[in-house]
Amino acid sequence: MSGTASSGTAPEPRRRGRPRRSPGDAGPGARERILQAARDEFSERGYDKTSMRGIAKAAGVDAALVHHYFGTKDDVFAAAIEMSFEPALVIPAVLGQGGTDGVGERLARYFIGVWENPATRAPLLAVVRSALTNETAAKVLRTFVLRRLLERVAAELDVPDPTFRVELAASHMVGIAILRYVIKAEPLASADPERIIAMVAPTLQRYLTQE
């Protein structure tokens with residue numbers, strides 16, 4: 001036998017195609033880690049500069065796992081928006097047990113509360129900024145806001161043209177968000193949130209309920 005011969009079995013070459021798993025590829029909380037990483041990446045880099053690989057690296061997983069859970073970057077972007085707004089919880093909170101009575105104030109309070117919370121403000125800033133400059137991001141935002149959030153509110157309103165009314169209310173609140181949190185126009189940018197809610201609530205109430 002030659003002295004250079006190996007005394008053991010040669011290791012199998014790595015298969016191509018399916019990526020090798022690493023400890024961070026699966027397990028409890030993998031989806032949540034990916035989603036949190038996506039929020040951070042979109043917040044820091046915006047839509048255009050965020051990649052699936054970058055999200056995977058930040059979450060400590062293979063890029064294939066990000067695709068497995070979310071499919072495309074658009075899908076991850078939509079999930080990041082949903083995580084911030086928590087639409088499953090907002091409908092009861094906005095409509096409440098009293099139907100449409102006071103719905104304008106509840107909607108204003110919920111919306112301003114989301115933006116005033118630093119944990120949800122950062123990804124929302126990235127979402128809005130991306131939507132203003134990128135059509136793909138704008139489409140995702142429209143799809144989420146119109147179909148997954150506003151239409152659910154509209155379905156609970158017993159008034160003519162409920163979707164149109166909810167879109168008017170949303171346009172009012174989005175305008176406030178852009179001026180207060182993106183452009184930071186004064187005096188709106190430094191106004192007390194309660195003052196904003198008090199002044200905006202009657203208008204939202206009229207949009208949503210007036211015959």
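Predicted model: local features only at pLDDT ≥ 70, side-chain atom pairs only at ≥ 80, totals over all residues.
Local features need pLDDT of at least 70 and side-chain atom pairs count only at pLDDT 80 or more, while totals for chains, interfaces and linings use all residues. Residues are numbered from 1 along each chain as its sequence is written, and side-chain values use heavy atoms, with hydrogens and water left out.

Rings of Phe, Tyr and Trp (its six-membered ring) pair if their centres lie within 6.5 Å; planes under 30 degrees apart count as stacked, over 60 as edge-to-face and the rest as tilted. By this rule there are 6 aromatic pairs.

Select Tyr47 and Phe77. Their ring centres are 5.0 Å apart and the planes stand at 80 degrees, so this pair is edge-to-face. Tyr47 belongs to helix H1 (residues 30-49) and Phe77 to helix H4 (residues 73-85), so the pair ties together parts 30 residues apart in sequence. Helices here are DSSP runs (H or I, at least four residues), numbered from the N terminus.

Buried means under 20% relative accessible area (1.4 Å probe, protein chains only). Tyr47 is buried at 6% relative accessibility, and Phe77 is buried at 0%.

Then show Lys73: Lys73 lies over the face of Tyr47, 4.3 Å from the ring centre. For Lys, this requires NZ within 6 Å of the ring centre and within 35 degrees of the ring normal.

Move to Trp115 and Tyr181, both buried. They form a stacked aromatic pair, 5.0 Å centre to centre with 15 degrees between the planes. Trp115 lies in helix H6 (residues 103-116) and Tyr181 in helix H9 (residues 162-182), so parts 66 residues apart in sequence are tied together by the pair.

Note on methods
Helix = DSSP H or I, 4+ residues; strand = E, 2+ residues; numbered from the N terminus. Buried < 20%, exposed > 50% of the residue type's maximum accessible area, 1.4 Å probe, protein only.
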